[in-house]
Amino acid sequence: MAYQMTFERYELKYRLNRQQKAQILQSMKDHMKLDRYGRVTIRNIYFDTDTYRLIRHSLESPAYKEKLRVRSYRPASGDAPVFVELKKKYQHVVYKRRLECPESEVRKYFYHGKPLPESSQIGNEIRYFWNYYQTLRPVVFLSYEREAYYALDGSDFRVTFDENILYRENDLTLGSAVYGTPVLEEDQTLMELKISGGIPLWMSAALTRNHLYKTSFSKYGTAYQKMQAAKKERVQGEIQYA
């Protein structure tokens with residue numbers, strides 16, 4: 001049986017500059033530790049319909065939204081394990097369903113319509129999602145460098161820092177090189193607080209000291225908006241020189 005995981009939590013996002021990140025890391029020093037993987041490059045392929053129905057709905061800030069992606073933590077092909085993730089958000093709570101499968105099997109299903117190899121609750125949810133939206137296809141490769149920290153007190157509080165967030169609409173494979181168009185400005189970091197309850201008091205104090213406030217930010221959503229802006233600019237250019 002393939003590895004499966006499911007959880008629910010809140011994910012709070014903040015945009016930091018380099019100085020703010022350094023200050024937050026200083027505040028975390030006595031409370032959190034970098035996980036054993038260190039700084040890793042995460043590769044994602046997002047799926048959407050031919051009209052980008054999923055991300056357009058998500059950008060409207062509804063009470064409920066969902067997305068499907070395939071993720072790897074290193075270049076992946078053949079028998080290398082990758083993660084199929086069905087991510088849902090309802091009333092600010094994030095619910096994630098994750099299924100680990102060989103990259104070749106995932107590619108057969110999502111690219112060529114072969115049966116999903118895993119028969120389980122999570123596998124069935126992913127299969128239902130795929131059949132419901134009918135025209136799903138890979139639309140964006142999105143990568144970033146992540147540092148993940150866990151709490152020393154044994155709680156499930158986690159903090160991640162994502163940098164060098166890049167997207168592209170071509171070469172949509174998890175075994176390819178990392179390149180693309182930046183989503184954030186060069187000196188910016190996206191910090192996420194992942195919690196099931198309240199924010200620890202020491203972190204709340206650090207956020208206040210550094211004038212950091214929660215923001216609504218979607219990597220795929222921002223990439224989609226940049227894609228649409230670039231297409232509009234190209235069309236206007238073609239009209240201008242026609």
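Predicted model: local features only at pLDDT ≥ 70, side-chain atom pairs only at ≥ 80, totals over all residues.
Which residues of α6 are buried? They are K219, Y220, G221, T222, A223, Y224 and M227.

Helix α6 covers residues 219-240, so 22 residues in total. From its first C-alpha to its last, α6 reaches 32 Å. That is close to the 32 Å expected at 1.5 Å a residue. The N-terminal end of α6 has a cap, S218. A side-chain oxygen of S218 lies 2.8 Å from the backbone nitrogen of G221.

N210 sits in the loop between α5 (201-209) and α6. Is N210 buried or exposed? N210 counts as buried because its relative accessibility is 12%, and the cut-off for buried is under 20%.

What does the side chain of N210 reach? It reaches the backbone oxygen of A206, at 2.8 Å. Leaving out residues up to four places away in sequence, N210 also touches Q20, Q23 and I24.

## Paired strands

Strands β2 and β3 run antiparallel and are joined by five bridges. Here F47 stands opposite L68 in β3.

Strand β3 also pairs with β4. These two strands run antiparallel as well, and eight bridges join them. V70 has its bridge partner in β4: V84.

## The largest nonpolar core

The largest nonpolar core has 24 residues. Which of them touch the most other members? They are L68, V70, F110 and I126. The largest share comes from α4, with five residues.

Now take L68, which stands opposite F47. Setting aside neighbours within four places in sequence, L68 is in contact with I45, Y46, F47, V84, E85, L86, F110, I126, F129, W130 and L136. Two of these contacts, F110 and I126, are also listed with L68 among the residues that touch the most other core members.

## A second core

There is also a second, separate core. How many residues does this second core have? It has 19, including I165, L184, L190 and A223. A223 is also one of the buried residues of α6.

Terms used: Residues numbered from 1 in each chain as written. Heavy atoms only, no water. Core = buried A, V, L, I, M, F, W, Y, C linked by side-chain atoms within 4.5 Å. Buried < 20%, exposed > 50% of the residue type's maximum accessible area, 1.4 Å probe, protein only. Helix = DSSP H or I, 4+ residues; strand = E, 2+ residues; numbered from the N terminus. Contact = heavy atoms within 4.5 Å. Expected span 1.5 Å × (residues − 1). Polar contact = N/O pair within 3.5 Å; in protein donor to acceptor, adjacent residues only side chain to side chain. Pairing = 2+ DSSP bridges.
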